Amino acid sequence: MFRIISALILAVTAICATAAEPLELVANPPDRHVVVKGDTLWHISGKFLKKPWRWPEIWRLNKDQIKNPHLIYPGDIVWLDMSDGNPRLRLGKPLSGRLQPKVYESPATGNISSIPANAIEPFISQPLILSEEDEKGAARIVATEEDRVVLGNGDTAYVSGIPDTSIERWHVFRPGKPLTDPETGKVVAHEAFFLGNASLVRPGEPATVRITMAKEEVTRGDWLKPAPEQNIVAYVPHPPEVEVRAQIMSIYGAVNEGGAGSVITLNRGEADGIEHGHVVALYRKRTALHLDADIKREETTIPEERYGLAFVFRTFDRVAYALVIESSKSVIVGDAARNP
């Protein structure tokens, strides 16, 4: 999990975007910001930029820095540099009492991430979307230690369908609710309900596993699949290169309403050009109902109203998961996601 959190830290490896419009600073931006624990690159850039998701542009990282970035730590000083007439953020510290920017590396620990790491950490490697292959090939718990009905941390389970393998780490889950496309009304995917982790104790048929972490109750019939490698991915915010016309299908852990910090699913994915790091704007389109003079029901379509931003952090073929970063109102299933 440490490497997963490090993936967010590598968001400073941003590719300098060719902006269609110049960067806009907030009114009366500060000349510096001292980084504190809990800051994120998004939050820091929001002190200077009207559109903080464009922070990769204001840092102006070159290709060498992309490969070997300067990480940001609590106690560092972020300076606003306007020396060439265009805004730029630098890391630095005062020299001889004079306030001058200077790039430097800090040996401190506790790197600053792109977005709140704990907000998406549980969703990085856990199975979320089930495919037909998952259903056909998933191993299943067929018996429990001492015929227990419910398993928890440290309990033993017996699993059918695990091949003679050296894979030790497994995810435990069960099929969850279907994800329905609000536009077509069709089910585009089935979501997995993550239960916990297990480790292989002894292969065989059935194989013996031990529950190492139970987020929810584990029971006979639940599914297992190998835990994926925790590959490092740079979560760099950038606008989509394709036109995005998506809708919110669900709000994780909620019925149909959420807000800033919520994880949402979109009815567009990799097949539609959606990728990690895409920033999308959230819009509300509603219809006003009223009665006319003859007491007949009339509907008036109100133009879409932009109210928030979301950050895509995991994608599947037809589904994308995004974290709501900003929201001036509640997020509702059916709301639209568009290019920012």
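These entries go from the whole chain down to single residues.

**Entry 1: the whole chain**

I noted before anything else that this is a predicted model. I then looked up the confidence: the chain averages a pLDDT of 77, and 76% of the residues score at least 70. Which stretches fall below 50? I found residues 1-19 with a pLDDT below 50, and this stretch has 55 contacts in the model beyond near neighbours in sequence. I also found residues 94-109 below 50, with 27 contacts counted in that way. A reminder to myself: where pLDDT is low, the predicted coordinates should not be read in detail.

Next I asked how many helices and strands the chain has. I counted 6 helices and 20 strands. Of the 340 residues, 43% count as buried. I also looked at contacts between residues at least 6 apart in sequence, and 69% of them join residues at least 24 apart.

**Entry 2: the barrel**

I followed the strands and found that 6 of them close into a barrel, in the order β11-β13-β18-β17-β14-β20, with antiparallel pairing. Neighbouring strands of this sheet are turned by 45 degrees against each other on average, with direction ignored.

I picked one pairing to look at. Strand β14 (residues 279-284) and strand β17 (residues 305-315) pair in the antiparallel sense over 6 bridges. Here Tyr283 stands opposite Arg306 in β17. I also checked Arg284, and its charged end sits over the ring of Tyr307, 4.8 Å from the ring centre.

**Entry 3: around Trp223**

I started with strand β10 and its partners. β5 and β10 run antiparallel and are joined by 2 bridges, while 4 bridges join β7 to β10, again antiparallel. Who stands across from Trp223 in these pairings? In one, Arg140 stands opposite Trp223; in the other, Phe173 has Trp223 as its bridge partner. Arg140 also lies over the face of the Trp223 ring, at 4.3 Å from the ring centre.

Then I turned to aromatic pairs. A pair of aromatic rings is described by the distance of the centres and the angle of the planes. The count for this model comes to 2 aromatic pairs. Why is the pair of Phe173 and Trp223 called edge-to-face? The ring centres are 5.9 Å apart and the planes stand at 70 degrees, so the pair is edge-to-face, since over 60 degrees counts as such. Phe173 lies in strand β7 (residues 169-180) and Trp223 in strand β10 (residues 223-226), so the pair ties together parts that are 50 residues apart in sequence. Are these two buried or exposed? Phe173 is buried at 0% relative accessibility, and Trp223 is buried at 9%.

The other pair is Phe316 and Tyr321, also edge-to-face, with 6.2 Å centre to centre and 70 degrees between the planes. Phe316 counts as buried because its relative accessible area is 17%, and the cut-off for buried is under 20%. Tyr321 is buried too, at 0%.

**Entry 4: the loop between β5 and β6**

I looked up two residues in this loop. Asp155 lies between β5 (139-144) and β6 (156-160). Asp155 is buried, with a relative accessible area of 13%. Leaving out residues up to four places away in sequence, I listed what Asp155 touches: Glu145, Arg148, Val150, Val209, Arg210 and Ile211.

Glu146 is found in the loop between β5 and β6 as well. Is Glu146 buried or exposed? Glu146 is exposed, with a relative accessible area of 65%. Its phi is positive, about 55 degrees, although Glu146 is not a glycine.

I found another positive phi at Asn28, about 50 degrees, and Asn28 is not a glycine. Asn28 has its place in the loop between α1 (2-9) and β1 (32-34), and is exposed at 76% relative accessible area.

Last, I looked for a cis peptide bond. One joins Glu205 and Pro206, with omega about 5 degrees. Pro206 is in the loop between β8 (187-202) and β9 (207-214).

Technical notes: Residues are numbered from 1 along each chain as its sequence is written. This is a predicted model: local features need pLDDT of at least 70, side-chain atom pairs count only at pLDDT 80 or more; totals for chains, interfaces and linings use all residues. Side-chain values use heavy atoms; hydrogens and water are left out. Rings of Phe, Tyr and Trp (its six-membered ring) pair if their centres lie within 6.5 Å; planes under 30 degrees apart count as stacked, over 60 as edge-to-face and the rest as tilted. Buried means under 20% relative accessible area, exposed over 50%, partly exposed in between (1.4 Å probe, protein chains only). A charge sits over a ring if NZ of Lys or CZ of Arg is within 6 Å of the ring centre and within 35 degrees of the ring normal. pLDDT is the predictor's confidence in each residue, from 0 to 100. Contact means heavy atoms within 4.5 Å. Two strands pair if DSSP finds at least two bridges between them. Axes are lines fitted to C-alpha atoms, for helices over the stretch in contact, and angles run from 0 to 180 degrees between N-to-C directions.
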